[in-house]
Amino acid sequence: MQLITGSVSEKRIKVEPAENGLEGTVAVPGDKSISHRAVMLGAIANGTTVVTNFLPGEDNISTINAFRSMGIEIEQNGTELKIHGRGLRGLTEPADVIDAGNSGTTARLLLGLLSAQNFFSVITGDASLRSRPMGRIVEPLRLMGARIQGRDDTNRLPLAIVGKEVTLEGRYYPTPIPSAQLKSAILFAGLYAEGETTVKELAKSRDHTERMLKLFGADITVDEVGTTITLKKADRLRPCNITVPGDISSAAFFMVAAMIVPESRLTLTNTGVNPTRNGISALLKKMGGSIKLDKQSGLSGEPTADIAVDSNTLNGVEISGTELLPAIDEFPILCVAAAFAKGSTKITGAGELRIKECDRIAVMAESLTAVGIECEEEDEGIIIHGTGGKRVRGGRVESHGDHRIAMAMAVAGLMTQEGITIDGADAVDVSFPGFFQILNGLRV
Ligand code: S3P
């Protein structure tokens, strides 16, 4: 029996209950965060950067298009890219507004880079991105000397950046919230800023930017804890060959699927297990899950492994904001793991989740309730009363244009009596084109 009916092009998919365990080996697509950074740094390096296992999801295509509009030649052949970088001063004024689509990373990291360019540019995005706060990025850039204007007192896109005749000055900036997008925007501006730029974080957010800046030859130092990063103004960046590891945030959907569907065993090959991203493994282990990392290795400065997951009864636990930080994008799928655990799971300190691609706390509470899972929404988190491995009824949910809501609820559908219909299932193309085909291929 097919697990999946409907199609992404029809924007509606039904996930049927899994009658047997899931088995197989999946090579999840390349990491979204790393793919963005490879294009951005490749574009301002001197020479050709080759990227292998690039993620050709909609968000990353927004980044490619932005750089093409600034005169950078980028050859794309599926998951292979050749970026013909023109140096730190090689970007040219875009002839039109840059559309970051649904991609917060594109918009926010570009704000940092564009602040330092000797031209005028405007960034906008889709309705979801235009509702997300940008003030947190604009404030430190302005302190460095950037000239940015825009809607809602410069807190929302569209934002206009007047780069002409602007000289940025390096600064010490303690960020009010741990955010890799904020940190990276400051560091990208810092490449052009006089003197030194230092970012100090309250807790360590994902560090792909720091790792990749090192590969490209930037003068960057990170303290032992990883929360103070200092970057000197750059003269030039060297081009690199980058192989992007599989995205742990995409692997997470299959990890939880294997965990909650009885008699399952899945292996996710060549997946990025950077400790600032792999919080999902730690949290699933805390819930009693069985996860093994095999073939531990590294790709382009990032640790990788094959992740083997067996089905297991999970237990409800308490999860704090600190524990969630390295699994910040895994909130929706963690909620699904909690939904089938024994006992209640309480997630706290997750206020940032309200300003992601959608309000993920509200939408997960609504979606879980719609399919028969008991939960309580809180201001900064959620309490989920798990079924202890029992199937739930199922029903119909809406992705709210959020790729991770669509994929999380698809996984929940496997453990229902009636299946789950997902409206707006096409959102998965933002980060994981082909997700439903892979899921369908895992039935035994
Ligand atoms: C990202 C950082 C995180 C994450 C987002 C990607 C990045 O956002 O949620 O999906 O690539 O830097 P914040 O910086 O807002 O936490």
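Student: Which residues is Asp207 in contact with, leaving aside its neighbours within four places in sequence?

Tutor: This is a predicted model, and contacts in it are read from distances between heavy atoms, the limit being 4.5 Å. With neighbours within four places in sequence left aside, Asp207 is in contact with Lys183, Asn274 and Thr276. Asp207 itself lies in the loop between strand S12 (196-200) and helix H8 (208-215).

Student: Is Asp207 buried or exposed?

Tutor: A residue counts as buried when its relative accessible area is under 20%. Asp207 has a relative accessible area of 7%, and therefore it is buried.

Student: Let us turn to another loop residue. Where does Glu357 lie, and what does its side chain make a polar contact with?

Tutor: The loop in question runs between strand S20 (344-347) and helix H13 (360-370), and Glu357 lies in it. A polar contact is a pair of N or O atoms within 3.5 Å. The side chain of Glu357 makes such a contact with the side chain of His403, at 2.9 Å. Not counting residues up to four places away in sequence, Glu357 touches Asn102, Ser128, Arg132, Asp402 and His403. Its relative accessible area is 10%, so Glu357 is buried.

Student: What distances separate oxygen atoms of the ligand from Ser179, Ala180 and Asp329?

Tutor: An N or O atom in the side chain of Ser179 is 2.6 Å from an oxygen atom of the ligand. For Asp329, a polar side-chain atom lies 2.6 Å from a ligand oxygen atom. Ala180 takes part through its backbone, with an N or O atom 3.1 Å from an oxygen atom of the ligand. Taken alone, the ligand exposes 390 Å², of which the protein buries 94%. The ligand sits in the largest pocket.

Student: What do the buried residues of H5 pack against?

Tutor: Helix H5 (residues 135-143) has Arg136, Ile137, Val138, Pro140 and Leu141 as its buried residues. Their packing partners are H3, strand S9 (148-150), helix H6 (151-154), strand S10 (156-162), strand S11 (172-174) and H7. H5 is followed by Gly145, whose phi is positive, near 115 degrees.

Student: What are the phi values of Asp152 and His400?

Tutor: Asp152 is a residue other than glycine with a positive phi, near 55 degrees. Asp152 has its place in helix H6, and with a relative accessible area of 42% it is partly exposed. His400, not a glycine, has a positive phi of about 55 degrees. His400 lies in the loop between strand S23 (395-398) and helix H14 (403-413), and counts as partly exposed at 35% relative accessibility.

Student: Finally, which residues does Arg404 contact beyond its sequence neighbours within four places?

Tutor: Such a list shows which parts of the chain meet at one residue. Arg404, in helix H14, is in contact with Lys32, Ser249, Phe253, Asp329, Pro332, Arg360 and Ser431, its neighbours within four places in sequence being left aside. Arg404 is buried, with a relative accessible area of 3%. Asp329, one of these contacts, is also among the residues surrounding the ligand.

Notes
Residues are numbered from 1 along each chain as its sequence is written. This is a predicted model: local features need pLDDT of at least 70, side-chain atom pairs count only at pLDDT 80 or more; totals for chains, interfaces and linings use all residues. Side-chain values use heavy atoms; hydrogens and water are left out. A residue is near a molecule or strand if one of its heavy atoms lies within 4 Å of it. A polar contact is a pair of N or O atoms within 3.5 Å; within protein, one must be able to donate a hydrogen and the other to accept it, and residues adjacent in sequence count only if both atoms are side-chain atoms. Accessible areas come from the Shrake-Rupley method with a 1.4 Å probe; for residues, only the protein chains shown count as cover. On a 1 Å grid over the protein atoms alone, a cavity is a set of points where a 1.4 Å probe fits but cannot get out, and a pocket is an open set with protein on both sides within 12 Å along at least five of seven lines; lining residues have an atom within 4 Å of a point. A molecule sits in a cavity or pocket if more than half of its atoms lie within 2 Å of its grid points. Helices (H or I, at least four residues) and strands (E, at least two) are DSSP runs, numbered from the N terminus. Buried means under 20% relative accessible area, exposed over 50%, partly exposed in between (1.4 Å probe, protein chains only).
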